[in-house]
Amino acid sequence: MKWANLEKYLINFLKEETYKTGLKGAVLGLSGGIDSAVVAVLAKKAFGINLKVFLLPSKSSSDNSITDALKLCEKFDISYETIEIKDIVSGYQENQNSNSLRIGNFSARIRMAILFDQSAKYNSLVIGTSNKSELLLGYGTWYGDLASAINPIGDLYKSEIFEFAKFLGVNEEIISKPPSADLWEGQSDEEELGYSYKEIDRVFYELIEKRRNPEEVIKDDFDKDLVLMLDKKIYQNQFKRKMPLIAKITQRTVGIDFLYPRDVKL
């Protein structure tokens, strides 16, 4: 892939899709991970001083994540604000007997609620940071980190994000550390999944880009368990990639099939 062309395209995408709404700026949550780092660099080039970046650490956030996010802001001259969410999360979770997954998902939704509130404050759009691998896996929090107004990297696989980050000059500390949603202490994406993103993306390329069925892919000596797991996850988590399903009662349901009368050509 020609990274320079991609960079130019995504910067234009961010500008055009934002300006279409009548807004001029963007709001972004920066975690210290590679995905939000790539989007932050692109958004800085697209919006300049009209980019508002927020660090939203919780009790489970690692010190390294915060340090890496701050270093990225310093390197690319990105202005930021830190808003601690641990008191908000603790206040709700105190009597909930929650496990780490519930707390992590709740934290992700609190972060997104704050970002959307800040977007209203600054009259800006919330920019998403989920990559294609995560979207296909359903590896994100519904209405948490998966929620946004526009997403510049949702059609890039995780393994492509690593290469793109190098091209953009993202800090080496961010590129080299194990991928993590940082939902709880010590959490690692690849450990949870049992496979590396490189292995996962190779299978996704066969299933998605080449539109091959699992049986065909398995015959080419791909790991059978991995292929079947990914095929299942694609369909199992499809609901996370769609708008809420509305029961169709009238001819003009307000949903994906809805058109304004002026858009209908008679």
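Let's start with two strands that run side by side: β1 (residues 25-29) and β2 (residues 51-55) are parallel and are joined by 4 bridges. Within this pairing, valine 27 stands opposite lysine 52 in β2. Please keep in mind as you look around that this is a predicted model.

**The sheet and its helices**

Helix α5 (residues 100-121) packs on the sheet, where its contacts are with β1, β2 and β4. The direction of α5 makes about 165° with that of β4. Another helix, α2 (residues 34-47), lies across β1 and β2 and runs at about 165° to β1.

How many strands form the open sheet, and in what order? There are 4, arranged β3-β2-β1-β4, with parallel pairing. The edges are taken by β3 (80-82) and β4 (124-126); each has a single partner strand, so one side of each is left without a neighbour in the sheet. On average, neighbouring strands are turned by 25° against each other, with direction ignored.

| Helix | Strands | Angle |
|---|---|---|
| α2 (residues 34-47) | lies across β1 and β2 | about 165° to β1 |
| α5 (residues 100-121) | touches β1, β2 and β4 | about 165° with β4 |

**Aromatic pairs**

The structure holds 7 aromatic pairs. One of them, formed by tyrosine 92 and phenylalanine 106, is stacked, with 4.6 Å centre to centre and 20° between the planes. What does this pair tie together? Tyrosine 92 belongs to helix α4 (residues 86-93) and phenylalanine 106 to helix α5, so the pair links parts that are 14 residues apart in sequence.

**Two loop residues with positive phi**

Tyrosine 143 is not a glycine either, yet has a positive phi of about 60°. Tyrosine 143 is found in the loop between α6 (132-137) and α7 (158-168).

Key
Residues are numbered from 1 along each chain as its sequence is written. This is a predicted model: local features need pLDDT of at least 70, side-chain atom pairs count only at pLDDT 80 or more; totals for chains, interfaces and linings use all residues. Side-chain values use heavy atoms; hydrogens and water are left out. Two strands pair if DSSP finds at least two bridges between them. Axes are lines fitted to C-alpha atoms, for helices over the stretch in contact, and angles run from 0 to 180 degrees between N-to-C directions. Contact means heavy atoms within 4.5 Å. Rings of Phe, Tyr and Trp (its six-membered ring) pair if their centres lie within 6.5 Å; planes under 30 degrees apart count as stacked, over 60 as edge-to-face and the rest as tilted.
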